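Here is a short tour of one protein model, written to be read with the structure open beside you.

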Amino acid sequence: MRSAIKEFARPNSAASVFSFLKYAQWRLPFRQYRSFVENKHGVEVGGPSALFRTVLPVYEFVGRLDGVNFSTDTIWEGRLESGENFNYYKNRTGHQFIADATDLSDIASESRDFLLSSNCLEHVANPLKALTEWKRVIKPGGALILVLPNKDSNFDHRRPFTTFEHLLDDFNGDVGEDDLTHLEEILALHDLPMDPPAGDLEHFRQRSLKNFENRTLHHHVFDVPLIERMLDHVGFEILDVTTTRTDFFALGRKKS
């Protein structure tokens, strides 16, 4: 297993955003990520994502990209319909699937060259189940490009990191996406001022109780060791893990 871990800070002023994006792209082994998507057919779970246009701008190089979202109405994308309308880059579109991240049964096994997911897996109650399903649809030797939030810069910063053993228990127990095991911890430790849409504590509680409908909760909190152990466990060779102030970027290749 080879893991490259790098750190850099996010800029504070609008004038420095462009420089930061170029710097971030330079720090990431972009050519390596790009080689797994260029002129190839992939799928994105929980997209489209601005990060794949900016910090890790892979959209412009893919041959075709389909999308998966859990509902026809989400907080992030608004109204959605299944069909050839997943608009991921300029006027380029792929097929929009409506499906849970843990059940991609409408997508054939080993039918995609790569899978992208940015800031989605933390919203999944059973991450190992999702990763196992994602691996299923990727061809042998194909890639998973995964982005997860770094708690240091968001409303999870008071919460403890999830343990791998906990994720394994969830997987073995076939925990469903209606699970609210972590709700009391979240309500106690969530930094509400850093999450204005959550409102006050009572509004946040009521919204969270409907999480199966809105999927806004961060069930789990990740760090580099947990990401590496998850990917290795489900059968990915880890090619890169890059840490930024806001996110973790990981590149894994499906083992044959």
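## Ile-186 in helix H5

In this predicted model, Ile-186 sits in helix H5, which covers residues 183-189. Is Ile-186 buried or exposed? Its relative accessibility is 3%, so Ile-186 counts as buried, the cut-off for buried being under 20%.

Apart from neighbours within four places in sequence, the residues in contact with Ile-186 are Arg-159, Phe-204, Leu-217 and His-218.

Next, look at helix H4, residues 164-172, where the buried residues are Phe-164, Leu-167 and Asp-170. Why do these three belong to the same side of H4? They cover an arc of only 120 degrees around the axis, and therefore lie on the same side of the helix.

What do the buried residues of H4 pack against? Their partners are helix H3 (127-137) and helix H8 (224-234). Turned away from the buried side is a face of H4 that carries the exposed residues Asp-169 and Asn-172. Just after H4 comes Asp-174, which takes a positive phi of about 50 degrees.

## The largest pocket

How much space lies in the largest pocket? The volume is about 1,200 Å³. The pocket is lined by 50 residues, and those closest to its centre are Trp-76, Ser-118, Asn-119, Glu-122 and His-123. Two or more lining residues come from each of helix H1 (17-27), strand E2 (64-69), helix H6 (201-209) and strand E10 (247-254). By residue type, the lining of this pocket divides into 24 nonpolar, 16 polar and ten charged residues.

## Ser-118 close up

Which residues does Ser-118 touch beyond its neighbours within four places in sequence? Ser-118 is in contact with Val-45, Gly-46, Ser-49, Leu-51, Phe-52 and Val-147.

## One cavity

How many cavities of 30 Å³ or more does a search of the whole structure find? There is one, and the space in this largest cavity is about 40 Å³. Its lining is made of Glu-122, Pro-149, Lys-151, Asp-156, His-218, His-220, Val-221 and Phe-222. These lining residues divide into three nonpolar, two polar and three charged.

Two of these names have come up before.

## Loops and backbone details

A few loop residues are worth a visit. Asp-152 lies in the loop between strand E8 (138-149) and H4. With a relative accessible area of 57%, Asp-152 is exposed, because the cut-off for exposed is over 50%. The C-alpha atoms of Asp-152 and Thr-244 are 10.0 Å apart, although the two residues are separated by 92 residues along the chain.

In the loop between strand E1 (41-45) and E2 you will find Pro-48. Gly-47 and Pro-48 are joined by a cis peptide bond, with omega of about 0 degrees.

Two residues other than glycine have a positive phi: Asn-39, near 60 degrees, and Arg-215, near 55 degrees. Asn-39 is in the loop between helix H2 (30-35) and E1, whereas Arg-215 is in the loop between helix H7 (211-214) and H8. Are they buried or exposed? Asn-39 counts as exposed at 65% relative accessibility, while Arg-215 counts as buried at 8%.

Terms used: Residues numbered from 1 in each chain as written. Predicted model: local features only at pLDDT ≥ 70, side-chain atom pairs only at ≥ 80, totals over all residues. Heavy atoms only, no water. Contact = heavy atoms within 4.5 Å. 1 Å grid on protein atoms, 1.4 Å probe; cavity = no way out; pocket = protein on both sides within 12 Å on 5 of 7 lines; lining within 4 Å. Points joined across faces, edges and corners; volume = space filled by probe spheres on them. Nonpolar A, V, L, I, M, F, W, Y, C, P; charged D, E, K, R; others polar. Buried < 20%, exposed > 50% of the residue type's maximum accessible area, 1.4 Å probe, protein only. Helix = DSSP H or I, 4+ residues; strand = E, 2+ residues; numbered from the N terminus. Arc of directions from axis to C-beta.
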